[in-house]
Amino acid sequence: MLQEPLKRKTHLSIALALVFFFVIYPLLVDAEASYLVFLFYTAFMYVTLSQGWNIAAGYAGQVSLGQHAFFGIGCYVTAITWRAGTAGYLDPLAMLMSGAGAAVVAIVVGLPLLAKLRGDYFALGTLGLGEILRVAALNGGSFTEGAAGISIPSDVYQSIKPYYFIALLISVLTMLSLWFIAHSRIGLALVAIREDETAASANGIPILRYKILAFTLGAFVTGLCGSLNAYFVFHIDTTGAFNLNWVIMPILMVILGGVGTFVGPVLGVFSLIAAFELIRLLTPQLHPIFSGAFIILVTLFLPDGIMSYLTGHKNRLLHKLSPFKWLALNK
Amino acid sequence: MKNNGKDVVLRLEKITKSFGGLMALNGVDLSVEQGQIVGLIGPNGAGKTTLFNVVTSLYKPDKGDVYLAGKKITGKPSHQLCHLGISRTFQLVKTFLSLTAFKNVLIGAIYGHGMRGRQAREEALEALRLVGLADKKEVVTAHMTLSDRRLLEVARALAAKPLITLVDEPMAGLNPSEIINMLKVIKRARNERNVAILWVEHKVDAIFRLCDRVAVLDYGRKIAEGKPEEIAQNKKVIEAYLGKPPP
Ligand SMILES: Nc1ncnc2c1ncn2[C@@H]1O[C@H](COP(=O)(O)OP(=O)(O)OP(=O)(O)O)[C@@H](O)[C@H]1O
Ligand SMILES: [Mg+2]
């Protein structure tokens, strides 16, 4: 890449133009009535969630199936601090606390899991984390208000615009952080760990520390999204907050776009949202079947994602990552 | 610690390691001095790789201790051992396949030794030059030949600026001209870096040509140690390799 400063300049211009477009778009249309503005808001959330998974799974090779746990923690931290009066509406401090809460859990849970469990077992352990937290929230008494969940008075809602811009800001900051990490010595360590843990540690990389770092950063941004979601839906319960969708969708989007790549997940987010919308428009009844089939086809036959068609790099990374290894049998 | 006036870099004391009922290493003593090339030979399954794995903390020894420059380092985590001055290569090559040759070696310089920025990049280039891969620095490792990957592992191990580097069968799977090249590289590494090398190899003639000393393992025990010409004559060694002659 370094010997292609021109290409890099083009990429930067495209990125800036896109961000510029997204910034002015809701100002040009009737944002409250625009379905596209809502879809873009959703897309920004998924960009962050996707990269939050991608940094640990795609870069460092540590596949988490527990992102919904961090999303849920973000939801609940925001709902609970708001109910307690500690935080206001769209309060940046509450959002940061939500991210931090998710990050702390990632460290506490990640230390034993990442130190002891490899591959499939780490994935299963994180999947368990989501379930444990869901059940805990269900039985949390007046603290989490059990199955009924926490309701927040929705009369503060005025416009979708603040949500849209906050989601955009979080996704841009996430992308920027990932870019700097991927191009720094940290990124080098993460990829080395993914490629060969034994060689990485024999060459001086403290592998546990870097795995935790990637996992925790991913949890932090996922928690931020959970927080914004709490402000958006005004009602937090266990099925919404710890919904498996929050982990399945980002994974699909990353795989579709290109796991372990920087731009791929963004392409994956927009393509998958577009595809699902199209399917929904054409055949509302068949939706779940179509999307299910779509997902299976993509993971089987497009393991390098859309990115591989743009860059020509086909490294079959997905089939080398632990819970996806079985997919290689189909080739 | 001195031994014949030279510093002892690595000293193993009665290393014992078993897997279930199998004694892979049985009270092995060994020491390597600064700038020395020590060969470690022995039949398949003798415990050579296991010894490397114990020294680099992939395995914890059941008994015995490892000393680096006089300090006990038994059981310290692998990455710390690399910082302290032990680097290695692997019998089954372990390069970072999706990264370029340059970045592989850069990892050695940055994480193995703790260099930063330009210094790290220069050291990486220097190590690539030493093994003769300077012009392939931008090649992604997945596209390299086995011989080049083995050279790359040596370069990565050297970029960590170790006191001692452990090389595990660097010639396995190479053709005759690649073997000659590897021989030159190992010699050059010792001469230019004054690094100690502990070298496991089945190509015994190469070991005898280059090593200052040779140790022989058989069924987890050290059965002989000495100058190459002594080892070549040693009856126990010949027996270990060829089996006992009929009485
Ligand atoms: N992780 C392990 N678990 C169980 N047994 C092992 C393990 N590693 C090595 N062994 C056994 O220990 C013995 C020594 O193996 P080692 O790999 O050290 O031999 P080696 O001298 O390097 O042989 P080669 O020349 O074939 O590489 C062998 O019998 C091997 O099967
Ligand atoms: Mg071996």
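This is a predicted model: local features need pLDDT of at least 70, side-chain atom pairs count only at pLDDT 80 or more; totals for chains, interfaces and linings use all residues.
**Entry 1: ground rules**

I number residues from 1 along each chain as its sequence is written, with chains lettered from A and ligands numbered from 1 in the order in which they are written.

**Entry 2: the domains of chain A**

I started with how chain A is divided, and I found domain 1 (1–30), domain 2 (35–243) and domain 3 (246–331). These bounds come from an automatic or database domain assignment.

I saw 9 residues of domain 1 in contact with 11 residues of domain 2, where contact means heavy atoms within 4.5 Å. The two domains bury about 830 Å² between them, and 82% of that is on carbon and sulfur atoms. Buried area here is the accessible area (1.4 Å probe) that two parts lose on being put together, summed over both. On the domain 1 side, Phe22(A), Tyr25(A) and Pro26(A) lose the most area to domain 2, together 57% of what that side buries.

I also checked the classes of the residues on this side of domain 1: 8 are nonpolar, none is polar and 1 is charged. For this, Ala, Val, Leu, Ile, Met, Phe, Trp, Tyr, Cys and Pro count as nonpolar, Asp, Glu, Lys and Arg as charged, and the others, Gly among them, as polar.

A friendly reminder to myself: the size of an interface is often given as the accessible area lost when the parts come together. For chain A and chain B that area is about 1,900 Å², of which carbon and sulfur atoms give 63%. In chain A, Arg185(A), Leu188(A) and Asn203(A) lose the most area to chain B, together 36% of what that side buries. I noted 21 residues from chain A and 23 residues from chain B in the contact.

How many salt bridges are there between chain A and chain B? I found 1, and it joins the side chains of Lys94(B) and Asp196(A) at 3.5 Å, N to O. A salt bridge is a side-chain nitrogen of Lys or Arg within 4 Å of a carboxyl oxygen of Asp or Glu.

Which helices of chain A each supply at least two residues of the side that touches chain B? They are helix 8 (185–195), helix 9 (197–202) and helix 10 (207–233). Helix 8 gives the most, with 8 residues. Helices (H or I, at least four residues) and strands (E, at least two) are DSSP runs, numbered from the N terminus.

**Entry 3: salt bridges inside the chains**

Searching the whole structure, I got 19 salt bridges over all chains. In one of them, the side chains of Glu197(A) and Lys211(A) meet at 3.1 Å, N to O. This pair links helix 9 and helix 10 of chain A, 14 residues apart. Glu197(A) and Lys211(A) are both buried; buried means under 20% relative accessible area, exposed over 50%, and partly exposed in between (1.4 Å probe, protein chains only).

Arg190(B) sits in helix 6 (residues 176–193) and Asp212(B) in the loop between helix 7 (204–210) and strand 10, 22 residues apart. Arg190(B) is buried at 17% relative accessible area, whereas Asp212(B) is partly exposed at 28%. Salt bridges that share partners also join Glu123(B), Lys161(B) and Arg193(B) into one network.

Is Thr100(B) buried or exposed? Thr100(B) is buried, with a relative accessible area of 14%. I placed Thr100(B) in the loop between strand 7 (86–88) and helix 3 (101–113) of chain B. Not counting residues up to four places away in sequence, Thr100(B) touches Lys137(B), Glu138(B), Val139(B), Val140(B) and Thr141(B).

Lys14(B) has a phi near 50 degrees, a positive value in a residue other than glycine. Lys14(B) lies in strand 2 (residues 6–19) and is exposed, at 52% relative accessible area.

Tyr219(B) is not a glycine, yet its phi is positive too, about 45 degrees. I found Tyr219(B) in the loop between strand 10 (213–218) and strand 11 (221–226) of chain B, and at 69% relative accessibility Tyr219(B) counts as exposed.

How values were computed: Side-chain values use heavy atoms; hydrogens and water are left out.
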